[in-house]
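This report describes a single protein chain for a reader who has the model at hand.

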Amino acid sequence: MASATVILEVVDGPASGRVFRYLQQDLFLLGRSDSADLCLADDSHLSRNHLRIEIDPPHCVVTDLQSANGTFVNGERIAERTLVDGDTISGGQTLIRVRIGDDEGSSELLGEFADVNPPADTVVMELPPTQVGGYQLTQQLGQGTMGVVYRAMDPSSGALTAVKLLSPAIAASEKSTQAFLREAAILQQLDHKRIVRFISSGVEQGHLYLIMEYIDAIDLTATLNALSLPSRIRIAAGLLRQILDGLDYAHDRGLVHRDIKPRNILVSRRDTALKAKLADFGLAKNFLEAGLTRFSCDNDIKGTLNYMAPEQVENSRYATPASDIFSCGATLYTLISGLPIYNLKNSDESLDVILRKGPVPIADRIPEAPTELIDVLNRALAADPIQRFQSAADMRMALNVLAGKAAAET
């Protein structure tokens, strides 16, 4: 079955011709601030943070961020509006057309831009270098809001690594570049078997890069979907126990991940055993503390909504170890149920509604969910951080019991 795609075409204004393509949940920010996905600093008609589009293909919602000159959908000024295929959004001098379809038909949606904008999960980056830090880039593995990840090989030894390239737009100043390299150096000090190892960092042809341990990851979602409920619980709980082991190590060193989700858990198979490692550790949080403004601002939300703690949704600067505990609970919920914790399918619910309603009880998704699973999720997903597990080690102990009970039923 084809996956849904949301495409934002800039059809008029100073950035006319740019195309943003989304295959998964994400946020798009238009404004004059450096942190905007489409930053138009010279457009005096735009506010610093003008409008935000929340994307969860095939659904998306545009919200005016209290801009001075307003946000318009099809010529009508709006505060918030659910978007449909063909809608146009205007802010300042920029006009954006929304195209919604399936991934198989995305080249048709792109029209005249199809040849010059190859597929990507988010905005297409500048042409990358072919070699970084002595490693030859061989295959694109994935893309996110911060950059593109490639598999790379050492030409002399054949050793594989993963290379994350960040767009030159992020390295907007020498100060930002130095902050990035300094914080990357801190992350290299994380030496734990449950955290993907950082090897080196630097700048290549204007691209900031991180070289990391390569993990030959399996499709965890497909693996779990083929299993019975007790087996899904046992394996998901076992993998989260491994991740919590790494988190406990990092939290003790004052580092918070801030974006734990299934996509950032890399699982490999070693003989018959599954081994999990946490990827993308701490980058956004450390950049924020370093003052690298490309990654956060007062009206911006960093993370992924279906895995974010309430305090992080309200203000990403409040992310703490307790926020990571919430994200682990949301990840466990999704790995077992195959569904997100929030019911956002209609995409017309604002963040305020998310904060008021909270997660959908797991028993509503899985009526046969065992009591032990319900108890673990209720505590991990508590709105009040004080009510959650007080450490990664505490949650890991609770998952020991859950995994043991599930194992007895398989």
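## Two residues with positive phi

D271 is located in the loop that runs between β18 (265-270) and β19 (273-278); helices (H or I, at least four residues) and strands (E, at least two) are DSSP runs, numbered from the N terminus. Although D271 is not a glycine, its phi is positive, at about 60°. With a relative accessibility of 72%, D271 counts as exposed; the classes are buried under 20% relative accessible area, exposed over 50%, and partly exposed in between (1.4 Å probe, protein chains only).

Q66, in the loop between β6 and β7 (71-73), also has a positive phi in a residue other than glycine, near 55°. Q66 counts as exposed, at 77% relative accessibility.

## Basis and confidence of the model

The model is predicted: local features need pLDDT of at least 70, side-chain atom pairs count only at pLDDT 80 or more, and totals for chains, interfaces and linings use all residues. Residues are numbered from 1 along each chain as its sequence is written, and side-chain values use heavy atoms, with hydrogens and water left out.

The average pLDDT of the chain (the predictor's confidence in each residue, from 0 to 100) is 80, and 79% of the residues score at least 70.

## Overall composition

The chain contains eleven helices and 19 strands. Of its 410 residues, 53% count as buried. Among contacts between residues at least 6 apart in sequence, 57% join residues at least 24 apart. The accessible surface, from the Shrake-Rupley method with a 1.4 Å probe, comes to about 18000 Å², and carbon and sulfur atoms account for 46% of this area.

## An open sheet and a cis peptide

An open sheet of five strands has the order β4-β3-β5-β6-β9, with mixed pairing. Because β4 (38-39) and β9 (80-82) stand at the edges, each with a single partner strand, one side of each is left without a neighbour in the sheet. Two strands pair if DSSP finds at least two bridges between them; β6 and β9 pair in the antiparallel sense over three bridges. V62 stands opposite R81 in β9.

P57 and P58 are joined by a cis peptide bond, with omega about 5°. P58 is placed in the loop between β5 (51-56) and β6 (59-64).

## Cysteines and a buried histidine

The structure has zero disulfides, a disulfide being a pair of cysteine sulfur atoms within 2.5 Å. C328 counts as buried, at 0% relative accessibility, whereas C39 is partly exposed, with a relative accessible area of 33%.

H192 lies in the loop between α2 (174-187) and β16 (198-204). At 18% relative accessibility, H192 counts as buried. The side chain of H192 reaches the backbone nitrogen of R194 at 3.0 Å. Leaving aside residues up to four places away in sequence, H192 touches D245, G246 and Y249.

Notes. A polar contact is a pair of N or O atoms within 3.5 Å; within protein, one must be able to donate a hydrogen and the other to accept it, and residues adjacent in sequence count only if both atoms are side-chain atoms. Contact means heavy atoms within 4.5 Å.
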